[in-house]
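Visitor: I would like to go through this model with you and ask, term by term, what stands behind each description. Please set each value against its cut-off before you conclude.

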Amino acid sequence: MTVDSSENTYGFGTQAIHAGAPIDPTTGAVIEPISLSTTFGQLEPAKPLGIYEYSRSANPNRDNFEAAVAALEKAKYALALSSGSATTALVIQSLPVNSHIVSSGDVYGGTYRYFTKVANTHGVAATFVPDLVADLKANLKENTRLVWLETPSNPTLKVTDIAKVAEILKEHEFNTGIKPLLVVDNTFLSPYVSNPLSHGADVVVHSVTKYINGHSDVVMGVLATNSDDLHEQFRFLQNAIGSIPSPFDSWLAHRGLKTLHLRVRQAATSAQAIAEYLSKSDKVIAVNYPGLKSHLNHDVVVKQHRDALGGGMISFRIKGGADAASAFTSSTKLFTLAESLGGIESLIEVPAVMTHGGIPRAEREANGVYDDLIRVSVGIEDTEDLLQDIEQALNAASA
Ligand SMILES: *Cc1c(COP(=O)(O)O)cnc(C)c1O
């Protein structure tokens, strides 16, 4: 059985299992073999035996993974890259020289680094704004070619209305004839919770390293689009730049993707329970979680996220400052103190001294990243065990 992305009548779980997962025509293998060959035989010059020539240009494992992601993102096309960062680089590389980007302010650190320290060498400049819905219009310039949107934001989990941003860009196109690309980094939610293309994005990007692979054992990226022209351009760059994932990583990430719906649903269920518990605790100052009704943008969550799910990421401010944050994160037994997110195991970190340590204090605090802020990536352990671990660590930190 083969399911392609045009057969969108199947539910998410069915597509996760079957899209891009054909039965091997030569052996009948239900699980695709890992195709390590770098080159493929030809019958006559320029007449390959099958559809493959050279593995940088295309490889069966990468093709199958890309077909699966395209189906789950409700996209016509997907392209896999060697990391989420390589995906960002490829998208920016596609812009003409001297282009201008408008970006969400609190984007992933590596994205900020790429926009400010690498893109500038090609004359591409970025303006960062706190709130794209409120600030985009005033910051669009004649040479603005791309808008970069990350929702929820990292680590304070603010949610941006993608359709509203797309609307502003449509109006800009109507007035000027120029339509900057709207690119959404959907890493924090995964395609199970949100499909940005359905809300008006032109391109969706993921660090596969996080939820899509989901087992903290592959670094990889992917982008998806419905545009034939963009796809052609990105595919050309994928081959020309060559930052492609290995067949083994493509195979592993495809295996991980098949349980995405189960993992993300479980993580979101536990995260909701933990966020509610934290918001009632007298040891906590504030909780950032899109699934809470008290979240500033909960109305957007309701229309933009599947079943109003809040996802698996939480951040909260603990009473007692940096010392309490340090004591708490050193006291958890199930939540491992580590960077990264989106894996089956729960992780915890202090952004001010870890993932966001490179940002000056004033700028960091303006974005809500105080010394006492703790970021949690909820895994798929039992909810009750995770709640008890949070409770005992809160007690330990306040003792
Ligand atoms: C991790 C991450 C990236 C970068 O991905 P890598 O696979 O680590 O290169 C980009 N965006 C977001 C939101 C991320 O969390």
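Visitor: How far is an oxygen atom of the ligand from an N or O atom in the side chain of Lys210?

Guide: In this predicted model, the separation between an N or O atom in the side chain of Lys210 and an oxygen atom of the ligand is 2.7 Å. A polar contact is a pair of N or O atoms within 3.5 Å, so the Lys210 pair at 2.7 Å qualifies as one. The side chain of Thr209 also has an N or O atom 2.7 Å from an oxygen atom of the ligand, and for Ser207 a polar side-chain atom lies 2.8 Å from a ligand oxygen. Of the 380 Å² that the ligand exposes when taken alone, the protein buries 92%.

Visitor: Which residues are the closest of those that surround the ligand?

Guide: The ligand is surrounded by 14 residues, and the closest are Ser85, Asp185, Ser207, Thr209 and Lys210.

Visitor: Why is the pair of Asp228 and Lys76 called a salt bridge?

Guide: The closest N and O atoms of Asp228 and Lys76 are 2.8 Å apart, and because the cut-off for a side-chain nitrogen of Lys or Arg and a carboxyl oxygen of Asp or Glu is 4 Å, the pair counts as a salt bridge. Asp228 belongs to helix H8 (residues 228–241), while Lys76 sits in the loop between helix H2 (60–72) and strand S3 (77–81), so this pair ties together parts that are 152 residues apart in sequence. In general, side chains of opposite charge can pair when their charged atoms come close.

Visitor: How many salt bridges does the structure hold?

Guide: There are eleven salt bridges in the structure.

Visitor: What makes Ser103 count as buried?

Guide: The relative accessibility of Ser103 is 0%, so Ser103 falls under the 20% limit and counts as buried. Ser103 is placed in strand S4 (residues 100–104), and beyond its neighbours within four places in sequence, its contacts are Phe115, Thr127, Phe128, Val129, Leu132 and Trp148.

Visitor: And how do you know that Val30 is exposed?

Guide: Val30 has a relative accessible area of 61%, and because exposed means over 50%, the conclusion holds. Val30 lies in the loop between helix H1 (12–18) and strand S1 (42–44). Together with Ile23 and Ile31, Val30 forms a nonpolar patch on the surface, whose accessible area is about 290 Å².

Technical notes
Residues are numbered from 1 along each chain as its sequence is written. This is a predicted model: local features need pLDDT of at least 70, side-chain atom pairs count only at pLDDT 80 or more; totals for chains, interfaces and linings use all residues. Side-chain values use heavy atoms; hydrogens and water are left out. Patches are made of residues with over 30% relative accessible area and no salt bridge: like charges are joined within 9 Å, nonpolar side chains (Val, Leu, Ile, Met, Phe, Trp, Tyr) within 5 Å. Accessible areas come from the Shrake-Rupley method with a 1.4 Å probe; for residues, only the protein chains shown count as cover. Helices (H or I, at least four residues) and strands (E, at least two) are DSSP runs, numbered from the N terminus. Buried means under 20% relative accessible area, exposed over 50%, partly exposed in between (1.4 Å probe, protein chains only). Contact means heavy atoms within 4.5 Å. A residue is near a molecule or strand if one of its heavy atoms lies within 4 Å of it. A polar contact is a pair of N or O atoms within 3.5 Å; within protein, one must be able to donate a hydrogen and the other to accept it, and residues adjacent in sequence count only if both atoms are side-chain atoms.
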